[in-house]
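Here is a brief report on a chain and its interfaces. Look over the sequence and the coordinates before reading on.

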Amino acid sequence: MDSLFLVILAIPLLGSMLMGLIGHRELAPEVNTGLSLGTMIAVVILSMEVLSTGPSFAFGESFHVDSLNGLLITLTAFVGLTTSLFSRSYMRVERDIGRMTSVRMRIYHSMYQLFMFTMLLALLTNNIGILWVAMEIATLAAVLLVSIYRTAAALEAAWKYFILCGVGISLALFGTILIYLAAERQLGGSTSAFLWTNLNAVKMQLEPAIMSIAFVFLLVGYGTKMGLVPLHSWLADAHAEGPTPVSAVLSGLLLNVALYTVLRFKVLADGSMQNGLPGKMLVGFGLITVLVATFSLSRQKDVKRMFSYSSIEHIGLMTFAFGLGGPIATYAGLLHMTVHSLVKSAIFFTVGHACQKAGTQIIADIRGLVKVSPTVGWGLVVGSLAILGMPPFGVFASEFLIITTSMQELPWATPILLLGLGVAFATIFSFVQSMAFGETTAKPLAHPPALLPVFIHLGLALMLGLYIPPYLNEWFGQAVKIITG
Amino acid sequence: MPNFALQLLNLLAAIMLLITFAMLSQRRPLSLNRLFTLHGVVLVLSSLLVAYVTGNSHLYYSAGLTLAIKVVLIPWIIHKVIIRLKAESDVDTLINVPTTMLIGIVLVIIAFNLAMPIAQLSTSITSGILGIALACILLSFMMILIRSKAMPQVIGFLTMENGLFFAATAATSGMPMIVELGVALSVVGGTLILGVFMFHIREQYDDLDIDHLENRKED
Amino acid sequence: MNNLSSYLWQILELILAVAAAPLLTGWVNQCRAWLQNKTAPSVFLPHRTLHKLFHKDSVVAENASPLFRMEPYIVFGCMALACGIIPTLSTDLPLSPAADAIALVGLFALGRMFISLAAVDIGTGFGTMGGRREMFIGFIAEPALLMVLFSSSLISKSTLLTSIVANLTSQDLIIHPSMAFAAVAFVMVLLAENARIPVDNPATHLELTMIHEALLLEYSGRSLALMEWAASIKLLAYFCIGIALFLPWGISSVNTPFALLLSLLILTVKLVVVGALLAVLEIVSAKFRIFRVPEFLATAFLIAVIGMLVHFLLGA
Amino acid sequence: MTDLVSLDYILLAVSGWLIIGACGLFAIKRRGGISYVLYPTGAAIGIALCGLGIYSALGGTQTCILSIGLPDLQFHLRLDSLSSYFLFVLGMVSTGVSLYSIGYFRKEEETPLGLICLEYHVCLASMAMILISDDAYVFMVAWETMSLTATFLVMANHSDPEVRYAGFLYFLISHIGALALLLCFGLLQANTGNYTFANMREQHLDLLWASITFFLAFFGFGAKAGILPLHIWLPEAHPAAPSPISALMSAFVLKTGVYGFLRITFDLLQIQVWWWGVIALTVGLITALFGVVLSATQTDMKRLLAYSSIENIGLMFTGIGLTIIFHAYDMNGMAALSLTATLYHVASHAAFKSLLFLGTGAVLHATGERNLGKLGGLMRFMPWTAWAALIGVLAAAGLPPLGGFVSEWLLIQSFLLTPGLPNSVLNMLIPIVAGVIVLVGAIAAYVMVKFFGVIFLGQPREQKLNQAHDANIWERFGFGWLVAACLMLGFFPVQLTLVIDRVTSFLVGEGIGTTVASNGLLLLAPVASHRASYMPLVFVGVLLACCLLAYVLVRRFYHGRLRQSIPWACGYPFQTSKMQDTAEGLGQPIRHIFGNFFRITRELPSEFDKNPRYRISVEDPFWSMLYRPIAVITEYASRAVGMLQHGRISIYLLYSLATLMLLLLVVT
């Protein structure tokens with residue numbers, strides 16, 4: 001077991017160092033893909049074992065994998081792999097048009113691997129301190145990735161990202177310290193007071209007064225990274241200004257990881273507070289997030305910015321779902337997490353190619369994609385429809401469950417959600433339609449677009465909408481048990 | 001824990017709070033940096049004291065680490081950057097100083113009220129310390145919030161880290177070593193990146209004025 | 001009772017109605033002439049006209065479509081069928097269940113539709129104008145007519161003219177106030193539908209005011225004859241509907257020669273009287289501007305509605 | 001199971017359509033294959049479905065569960081008389097449209113033919129799925145898939161911004177409707193958490209929630225069917241789409257709304273309240289009148305037909321409303337009658353409206369014109385299209401002896417029966433409603449005269465029309481099928497009524513089948529033979545006999561000499577084709593009478609005008625009344641939200657600080 005963990009974490013870590021040296025070579029993208037593939041394989045093996053033998057520890061108790069983070073590491077590794085596939089052609093084009101120098105290529109590839117490493121670390125570690133460190137380093141890596149073009153806009157975005165998330169994460173650290181304070185009495189003042197499994201074991205005895213304050217700090221802290229309104233201000237900029245693969249992983253993975261972190265702490269807080277307050281907070285955040293995000297959509301001019309707002313909206317939905325609690329809503333939340341990662345990253349892939357074709361990110365200047373390259377165009381259209389909750393894609397399944405559950409738990413919240421969904425639908429579809437259809441001036445690209453990832457993702461999303469395989473269902477079920485306790 | 005040591009720790013905490021207030025009102029980057037160094041020194045002292053009192057050996061390492069990073073390395077980097085970028089000139093705050101002070105006091109009160117219940121419940125040595133730590137955090141938050149230049153924001157950010165460290169060491173009598181290592185590491189990394197950043201910002205617009213960084217918005 | 005004889009009688013009545021229809025037109029014109037102190041033409045003038053027309057060449061516009069050629073026969077057929085459905089002499093008609101009052105309205109509408117289409121077909125300004133006005137009057141007249149039928153069918157719980165008649169004749173004489181309203185409305189509709197003054201002037205050829213004439217503008221010879229004939233059959237049909245609804249007494253319920261002869265006499269008397277009344281009505285009223293017509297017919301509709309409400313209020 | 005029941009056959013048909021679609025995608029550029037293999041197969045499936053529908057409507061109810069879908073909510077399917085009847089209509093329409101499409105989709109549209117083939121067949125399949133779905137999830141999936149494919153079909157020629165706009169509008173409104181439906185299902189399952197229709201049938205909602213559910217359904221399905229004021233997409237989408245698609249949408253996509261409304265009102269909801277019926281009836285009536293009046297003023301032939309579809313949908317909802325009223329007072333016999341009328345109208349409208357749209361398609365291909373002002377006299381150049389359209393026009397005008405008349409006749413009969421109602425106010429009002437319905441029918445006839453007269457009769461208004469070519473052979477097959485449908489529906493009402501009888505007895509517990517059957521297969525007497533009756537075949541027979549007799553006699557009387565000459569036209573010389581009545585002219589009386597139904601903008605030339613032009617445009621009032629305000633409000637809201645994103649990092653930090661403080665306040 002230990003070796004497997006070691007492999008999973010070592011490949012990206014060493015990979016990032018390696019890439020720091022050779023990241024500018026001609027074959028670097030392929031190496032990058034290879035590394036991600038290696039990680040993927042190891043992760044799949046690991047999660048298979050988890051599925052068969054149940055939760056397990058490594059290196060003492062400092063690493064821990066159960067079906068919840070097993071699910072997420074699989075997702076992370078998978079999307080990481082497909083994104084690296086996508087970035088092969090994308091980054092080559094970027095270099096041809098001179099936006100990427102060889103130095104930047106090195107930074108990009110190395111940071112990409114580091115980013116994957118930190119996320120896997122954050123998911124796998126059992127130590128909430130290490131979890132914090134991982135998130136911090138993830139922030140740093142992401143900052144470098146976002147600022148990689150060195151344009152004014154990119155710098156500003158990265159700066160805001162750094163300051164806001166830095167401050168946020170410091171608050172999270174304070175929250176972590178508070179939890180440590182609370183746990184000291186039961187677990188003694190040693191590393192053991194930092195281990196989530198131990199905390200989970202004693203969560204009933206943890207002091208509610210401390211835990212509530214701690215949870216607030218953690219929620220605000222990690223919530224900033226999740227992009228909950230009103231802590232979301234950095235997100236749109238960061239997504240819009242970085243390279244598209246980065247936007248894909250930020251949207252598809254980092255948000256999930258942050259949400260995962262909050263969930264872990266919610267479990268603890270619920271256990272100690274016993275008054276469902278954390279759930280209520282999440283519901284509140286979720287609703288506000290959905291509303292604000294959807295209403296922000298219509299004023300966007302930059303396509304990546306627009307889709308990042310849609311990510312905010314979906315994070316809001318998931319938060320809402322997890323806030324509702326209960327097996328069905330949680331199941332829906334997890335499903336939504338999975339499908340959203342798949343679909344949203346697919347969308348960013350197509351958007352990336354579209355922007356390169358049109359030579360701009362301004363929606364108004366992108367036209368007639370289905371004519372110049374049908375696959376990209378239809379990929380974008382289908383992806384957006386999927387993200388808008390059109391059946392038979394998985395997003396619809398999860399939204400169906402969320403809405404119907406909320407209709408039982410919180411009837412008054414449902415119309416708000418539907419309003420949000422309606423507005424989002426109107427806006428995004430009109431934008432996408434104007435981009436995909438109509439006459440065009442775009443030109444074909446030097447490197448063939450990598451559309452395999454897009455269709456793999458969309459295909460999976462489609463499958464999840466029509467048919468959820470039993471073992472996956474089982475997997476989700478175990479994860480739900482962990483969250484609902 | 002001997003009463004005397006406790007008073008000493010409280011004293012250090014108070015000094016820390018004082019320094020934070022001073023930083024809040026300080027306009028000149030270089031002296032801000034000096035104050036930050038001082039802040040670090042107090043932090044080191046306090047963790048040494050806690051280490052001595054609790055006999056918690058790894059706190060000595062952490063104190064050494066803090067000394068190395070927060071008192072020597074980072075201030076040096078910042079100083080270099082300031083000199084290199086000729087950013088010594090005064091930095092005007094968005095809100096005038098007296099108001100800032102008033103808000104600061106309010107924050108302190110809030111912090112204490114928040115910390116009171118926790119401190120009572122906590123088994124560890126301290127009562128007011130946690131409150132002061134929280135106050136430092138909120139104050140430095142405030143500092144980032146009201147500064148219009150990049151450099152003071154960075155310093156404010158680091159001060160916040162100090163506050164957290166103080167909370168970690170003094171209030172909980174030391175977190176596990178590994179965590180502290182990680183935290184310290186990330187702080188260094190952050191500072192380095194920020195240093196690099198400064199130059200880029202400087203390249204873009206020939207000063208470190210944050211106003212330049214306000215163009216990405218919904219119009 | 002659907003034995004062979006009833007079929008024969010049916011056919012007989014039909015032929016009789018079709019053949020005698022122009023007489024009614026002639027009679028009405030004669031009365032008009034008298035009332036205007038003119039020397040009246042003979043009652044048989046319409047017959048002569050038809051005869052004359054049948055012996056003329058028919059001139060057809062070169063751009064006429066087959067529809068235009070077919071149309072006179074279709075219209076004639078419609079009107080003839082109408083005569084077959086309406087209980088003119090007896091209520092024992094095998095054809096009557098084929099269409100109740102509503103279907104009858106539909107039948108007239110069918111005829112009207114074809115007339116208008118044919119008028120539009122040649123593509124002259126007047127033709128299209130006529131077609132337009134015809135449909136336009138039609139769509140306001142139909143609801144009014146239906147309201148009339150409603151209020152009578154409310155009484156006899158049926159939309160079959162035969163059973164309405166049977167119902168009204170069987171029960172001893174009751175005054176139905178609603179029927180008074182209905183009668184007034186019906187007369188107004190009749191005027192509109194048959195292109196009489198005040199809605200249209202059958203005697204004028206002043207292009208801008210004509211409706212009925214504008215429809216026939218392009219027809220000549222046999223086609224024109226058929227159209228005119230159909231028009232007079234339509235007039236007769238409407239008279240018979242009115243009689244069936246409002247003074248049904250005397251329409252026999254069996255097909256014995258004597259009864260039929262009797263009812264034929266009674267019918268003739270009724271027609272003579274009603275025709276004269278129509279003439280009077282036309283003399284005393286002046287023609288409307290075309291856009292007064294909707295108001296006129298709307299009034300008819302409202303009167304019929306009021307009649308129905310009266311029926312409800314008086315709790316029949 | 002060993003032997004296939006008809007539900008399985010229908011699933012086979014559905015999957016057949018899906019497979020055809022997939023093939024279309026793979027053979028994306030092979031025109032021949034798509035035209036001569038895929039569409040004919042689709043048509044064959046349509047015919048099969050048509051028969052299956054009839055067969056299974058007379059058969060019993062069947063259910064099955066597919067092991068796909070959500071883990072705890074798999075696909076439940078159910079085939080009962082209601083769905084069978086609609087399947088029959090779907091089969092009927094799709095056959096005609098598919099046959100026509102063989103000939104229509106020849107020249108490359110902007111969307112590749114294969115893609116159109118895919119979307120078209122997936123649309124058909126999803127509609128079939130809607131009809132047999134038996135739980136909320138599969139229903140919603142099929143429902144949205146239908147809207148989706150329909151949207152893309154509408155946007156087939158997407159280079160035109162108007163087309164894109166139309167597609168967007170359609171998709172948006174139907175999606176909003178779908179959200180309402182989601183809520184509606186959520187209420188129907190009454191917190192049992194079980195979304196199968198079977199469970200919903202078990203639930204008994206109290207009056208308040210039942211009413212909310214009902215109106216949500218009314219909204220949701222009305223949005224799809226084009227009920228006022230949600231009709232706004234319809235006159236945009238129909239002209240934008242390729243004609244077979246407009247035909248399909250008008251003929252069946254709208255009907256799915258009717259189906260769903262019936263399904264929820266009479267099947268899933270356990271109670272009906274009379275004032276629901278009153279509201280449905282009122283809205284339906286207004287819709288009908290509004291639709292027909294606006295269609296009379298249109299100058300684009302497909303817009304005209306679109307508004308006429310709105311009218312017919314309005315009539316259907318009127319019928320449903322009346323049914324609800326009767327059912328609420330459990331006068332089920334009459335409820336059955338009005339429901340029969342409604343369902344009959346569903347079929348006949350499907351037949352004639354698709355026929356008319358296909359006709360416009362042929363005209364469009366021949367002339368490239370949609371504007372009535374540039375057409376005319378086409379009967380001479382395209383006789384096949386013209387005669388087919390004539391049948392459609394007569395049916396649409398609700399004239400005997402065609403299908404449109406039967407349904408209107410039945411509807412009016414059911415209105416005549418209202419005096420039985422225990423509610424005296426309704427007794428007095430509803431006959432007047434019948435009057436309005438007749439008015440609508442009569443104006444519809446007017447509209448049809450305008451439609452047929454301006455397109456096919458008169459003289460060509462443009463020079464190029466003289467080169468117009470007639471529909472090709474396959475398109476004629478399409479016409480033929482639908483013409484046959486119109487005639488059948490007109491001539492054999494009794495037989496179809498016997499099928500509908502099963503549906504009504506399933507929905508309202510009674511049927512008029514027995515009464516009808518008791519009078520033999522020629523006489524349609526819905527209540528009793530002495531109250532009202534209609535014998536279409538006799539009617540037609542005698543009518544034809546009279547015509548022929550007249551024809552023969554006239555010819556016998558008279559030498560068949562006939563002279564051709566220029567039109568007489570009261571002897572006025574120089575009458576050009578421009579002097580014919582235009583579409584605007586034909587709209588004029590309507591504009592005169594119903595002036596306050598729409599926003600009219602006139603352009604009258606001044607007397608010093610060099611080249612004077614008279615222009616008049618009629619706009620749908622609901623834009624300015626309803627939709628623009630909504631748009632403005634949304635815009636305002638989003639601007640307000642935009643203010644949050646201020647750009648100042650300090651402000652952002654302030655947000656986090658405030659949030660932190662607020663939450664701390666909450667927890668302590």
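## The interface of chains D and C

How many residues of chain D are in contact with chain C, and how many of chain C with chain D? In this predicted model, 68 residues of chain D are in contact with 71 residues of chain C. On the chain D side, several elements give two or more residues: helix H15 (403-416), helix H16 (424-456), helix H20 (536-557), strand S3 (562-565) and helix H21 (583-593). H16(D) gives the largest share, 15 residues. By class, the chain D side holds 47 nonpolar, 16 polar and 5 charged residues.

## A strand pair across the chains

S3(D) also pairs with strand S1 (residues 58-61) of chain C. The sense is parallel, over 4 bridges. Within S3(D), Arg563(D) stands opposite Val59(C).

## The interface of chains D and B

Chain D also touches chain B. Here 12 residues of chain D are in contact with 13 residues of chain B. Helix H23 (residues 649-667) of chain D supplies the largest share of the chain D side, 6 residues. That side divides into 5 nonpolar, 6 polar and 1 charged.

## The fold of chain A

Chain A has 19 helices and 2 strands. Its C-alpha atoms fill a box of roughly 65 × 55 × 45 Å along the principal axes.

Of the 485 residues of chain A, 71% count as buried. Among contacts in chain A with a separation of 6 or more, 82% join residues 24 or more positions apart.

Technical notes
Residues are numbered from 1 along each chain as its sequence is written. Chains are lettered from A and ligands numbered from 1 in the order in which they are written. This is a predicted model: local features need pLDDT of at least 70, side-chain atom pairs count only at pLDDT 80 or more; totals for chains, interfaces and linings use all residues. A residue is buried if 20 or more other C-beta atoms lie within 10 Å of its own, exposed if 12 or fewer, and partly exposed in between; C-beta atoms are placed from the backbone. Two residues are in contact if their C-beta atoms, placed from the backbone, lie within 7 Å. Ala, Val, Leu, Ile, Met, Phe, Trp, Tyr, Cys and Pro count as nonpolar, Asp, Glu, Lys and Arg as charged, and the others, Gly among them, as polar. Two strands pair if DSSP finds at least two bridges between them.
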